[in-house]
Amino acid sequence: KNIFIFFSFGVSLKTWDEKKILDREIGYYNKLQKNNYKLTFVTYGDKNDLKFKKKIKNIKILPIFRNIKKNFFTKYLIFLIAPFILQKSMNECEIIKTHQISGGLLAVTCAFFYKKKLIVRAGWEPTQNYRKWNIGFFKYLLLFLNSLISYKFSKKIITTSSELKNFINKKYTINKNKISIIPNAINVDRFKRFNIKKYKNRAINISRLEHQKNLFKLLDICKSSKLNIDIIGSGKQLIQLKRYANSLGVRVQFLGQIKNDKISKMLSKYMFYLTASKIEGSPKSIMEAMSAELPIFGLKAKGLSSLVVNGKTGYLYSDIKKLSNAIIKNKKNNNHLKKIGKNAREQILRKFSLKKNIILEKKIFDNLINEKQN
């Protein structure tokens, strides 16, 4: 039962390590492989990816740029070259699965050439509300073709919400029976409330410092609600955001990238999590904050409405003024924040546990393997 996991386009184990999410991402697969599966990672890395063998003990690593110099041309030619690079290894493969939809085209090519069954996972769909992701029309066409081909040639599609399932069904005319919902899994044993003294008047945000995260508006919210904030993450807008924060007089700390396993304990220091994102495709950081008993305060965005219920797990509003008023009203009410924080964790425990997800994914694998044998 050898499952080949095709990484997102351009992504390697080194990428995960640089983004400080390596432990989080491989943690799920380490638990999955204990169910009598062998796993193989097909990455867009070079020989440097092999350095992670000690950390990823029982998962085989196949970096497709191991013997090819990575540059602008080979980055895209790899779609033609990789199936031949992987030829011998594919004999060991029973099922191909994408980690995300952007890895779909290469996975489809290999599945077609070597007659393997393909599972496409779409934790988010870039063609949904693509303008809010700041995606131009030409790039949109390429993404649309990638998604269309991937969904049509797959045997099964895994997505994270009913909203995404309905979108894929209507946009790409895919039968709903082909699409299974497996929500993002949260390590609730790691992300929990620690008995740590909380900062006064300080919130936390975890974001890439990019356009769609709407962080200038986030700073406006902090200004109008007289709130301090720490932001974990890196990105192109760091310098502009620092200047803007200084012009507003907002006390903000940009903490850079922090390893996911260290964030779990940090979260308990804050009163709540604050977000102003325009759209959330797969809000894992927000769900981890909820698991650590942090209420969520933010502007309304697709991807959040199913998680945050006003007065129960947090507060979401369409405009800054209403959100700022809610922050001012609640930030000193420790008992209420504690109560809705507990509600937030209960929701994560009920819907997004790691064990539940592994059972659901194992069922999909077993059904396809048995179908193949029959």
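**Close-up views of a predicted model**

Figure 1. As with every view here, what you see comes from a predicted model.

**Figure 2. Strand E2 and its two partners.** Zoom in on E2 and start with its pairing to E1: strand E1 (residues 2-6) and strand E2 (residues 38-43) run parallel and are joined by 5 bridges. Two of the pairs are handy landmarks: Phe6 has Val42 in E2 as its bridge partner, while Asn2 is partnered with Lys38 in E2. Now look at the pairing of E2 with E3, which is also in the parallel sense and also spans 5 bridges. There, Thr43 stands opposite Pro63 in E3. E2 is largely enclosed by the rest of the structure, because 5 of its 6 residues are buried.

**Figure 3. Helices H7 and H8 side by side.** Helix H7 (residues 215-224) and helix H8 (residues 238-248) have axes that come within 10 Å and cross at roughly 20°. An angle under 35 degrees counts as roughly parallel, so that is the label for H7 and H8. The crossing of H7 and H8 is right-handed. Which residues do the meeting between H7 and H8? From H7 come Leu215, Phe216, Leu219, Asp220 and Lys223, and from H8 come Gln240, Leu241, Tyr244, Ala245 and Leu248. Sort the residues of this contact between H7 and H8 by type and you have 7 nonpolar, 1 polar and 2 charged. For reading the spacing along either helix, recall that an α-helix has 3.6 residues a turn, so residues three or four places apart point the same way.

Figure 4. Leu248 is part of helix H8. Is Leu248 buried or exposed? Its relative accessibility is 17%, so Leu248 counts as buried. Once neighbours within four places in sequence are set aside, Leu248 is in contact with Leu219, Asp220 and Lys223. Take Asp220 as an example: Leu248 and Asp220 are 28 residues apart in sequence, with 7.9 Å between their C-alpha atoms.

**Figure 5. Strands E11, E12 and E13.** Strand E11 (residues 273-275) pairs with strand E12 (residues 296-299) in the parallel sense, over 3 bridges. In this pairing Leu274 stands opposite Phe297 in E12. E12 is also joined to strand E13 (residues 314-317) by 4 bridges, and the two run parallel. Look for Leu299 here, standing opposite Tyr317 in E13.

**Figure 6. Helix H10 under cover.** How many residues of helix H10 (residues 284-291) are buried? The count is 8 of 8, and H10 is mostly covered. Those buried residues are Lys284, Ser285, Ile286, Met287, Glu288, Ala289, Met290 and Ser291. They pack against quite a list of elements: H2, strand E8 (202-206), helix H9 (260-266), E11, E12 and helix H12 (334-351). After H10 comes Glu293, with a positive phi near 70°.

**Figure 7. Two loop residues with positive phi.** Most residues other than glycine have a negative phi, and most peptide bonds are trans. Thr173 is not a glycine, yet its phi is positive, at about 45°. You'll find Thr173 in the loop between helix H6 (162-171) and E7. Its relative accessibility is 58%, so Thr173 counts as exposed. Lys226 is not a glycine either, and has a positive phi of about 50°. This residue, Lys226, lies in the loop between H7 and strand E9 (228-232). With 68% relative accessibility, Lys226 therefore counts as exposed.

Key
Residues numbered from 1 in each chain as written. Predicted model: local features only at pLDDT ≥ 70, side-chain atom pairs only at ≥ 80, totals over all residues. Heavy atoms only, no water. Axes fitted to C-alpha atoms, helices over the stretch in contact; angles between N-to-C directions. Parallel < 35°, antiparallel > 145°, perpendicular 65-115°, else oblique. Left-handed = near helix turned anticlockwise from the far one by under 90°. Contact = heavy atoms within 4.5 Å. Nonpolar A, V, L, I, M, F, W, Y, C, P; charged D, E, K, R; others polar. Pairing = 2+ DSSP bridges. Buried < 20%, exposed > 50% of the residue type's maximum accessible area, 1.4 Å probe, protein only.
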